[in-house]
Amino acid sequence: GSVSGLCLKASILAEEAPDLYIAANYALWAAWAADDDGDKDGAVSHRSRAADLFDKSLNGEDESSEHAIITRTLMVDILRRAERWAEAMELANTLLKTDLDAAVRTVLKFQVSVASKKDDQCYTVDEAGVNGKPSRN
């Protein structure tokens, strides 16, 4: 099978284990492989699965923990790239109300900006304006 399909199978197996964080990562890898294959619909579907699994993996975790903040920040990008614009903006705005590192804050503000334009493209942290570099958006 395809790399995307293999990663999706691994995600399903990890979910059954249950190791939701690992399952979410496999789903994200499936999305990246789908990107490489030019399979936009598959990439969107796998990202949506990854976002849901990352969210479930945080159940019961302290929302202020470094792991939760990093995971939720990643989820904002995943949700946006999965074309779940409102959820991406809502999560980003929720995170922006907390005490965050300046670089994370910059990335989240950029995510809100591009999500509000329904932009599902891939960006680097430099393009988001981290390290004082201008964004391309």
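Modeller: Let us begin with contact, which means heavy atoms within 4.5 Å. Setting aside residues up to four places away in sequence, Arg80 touches Trp85, Ala88, Gln111, Val114, Ala115, Asp119, Asp120, Gln121 and Tyr123. This is a predicted model, in which local features need pLDDT of at least 70 and side-chain atom pairs count only at pLDDT 80 or more, while totals for chains, interfaces and linings use all residues. Residues are numbered from 1 along each chain as its sequence is written, and side-chain values use heavy atoms, with hydrogens and water left out.

Colleague: In which helix is Arg80 found, and is Arg80 buried or exposed?

Modeller: Helices (H or I, at least four residues) and strands (E, at least two) are DSSP runs, numbered from the N terminus. Arg80 belongs to helix α4, which spans 66–81. Buried means under 20% relative accessible area, exposed over 50%, and partly exposed in between, with a 1.4 Å probe and protein chains only. Arg80 is buried because its relative accessible area is 0%.

Colleague: Which backbone oxygen does the side chain of Arg80 reach?

Modeller: A polar contact is a pair of N or O atoms within 3.5 Å; within protein, one must be able to donate a hydrogen and the other to accept it, and residues adjacent in sequence count only if both atoms are side-chain atoms. The Arg80 side chain reaches the backbone oxygen of Asp119 at 2.7 Å. Asp120, in the segment after α6 (102–116), has a side-chain polar contact of 3.1 Å with Gln121. Asp120 counts as buried because its relative accessibility is 12%.

Colleague: How many residues does the largest nonpolar core have?

Modeller: In soluble globular proteins, nonpolar side chains tend to be buried together. A nonpolar core is a set of buried Ala, Val, Leu, Ile, Met, Phe, Trp, Tyr and Cys residues joined through side-chain atoms within 4.5 Å. The largest one here has 24 residues, and Phe54, Val76 and Leu108 have the most contacts inside it. At least two residues of this core come from each of α2 (20–36), α3 (40–57), α4, α5 (85–96) and α6. The most, six residues, are given by α4. Apart from this core lies another of six residues, including Val107, Phe110, Val114 and Val130.

Colleague: What volume has the largest pocket, and which residues are closest to its centre?

Modeller: On a 1 Å grid over the protein atoms alone, a pocket is an open set of points where a 1.4 Å probe fits, with protein on both sides within 12 Å along at least five of seven lines; lining residues have an atom within 4 Å of a point. Grid points are joined across faces, edges and corners, and a volume is the space filled by probe spheres set on the points. The largest pocket holds about 320 Å³ of space. It is lined by 16 residues, of which Thr73, Asp77, Val107, Gln111 and Val125 are closest to its centre. Helix α4 supplies the largest share of this lining, seven residues.

Colleague: Where does the backbone geometry call for attention?

Modeller: Most residues other than glycine have a negative phi, and most peptide bonds are trans. Here a cis peptide bond joins Ala17 and Pro18, with omega about -10 degrees. Glu83, in the loop between α4 and α5, has a positive phi near 65 degrees. Lys118 likewise has a positive phi, about 55 degrees, and counts as exposed because its relative accessibility is 56%.
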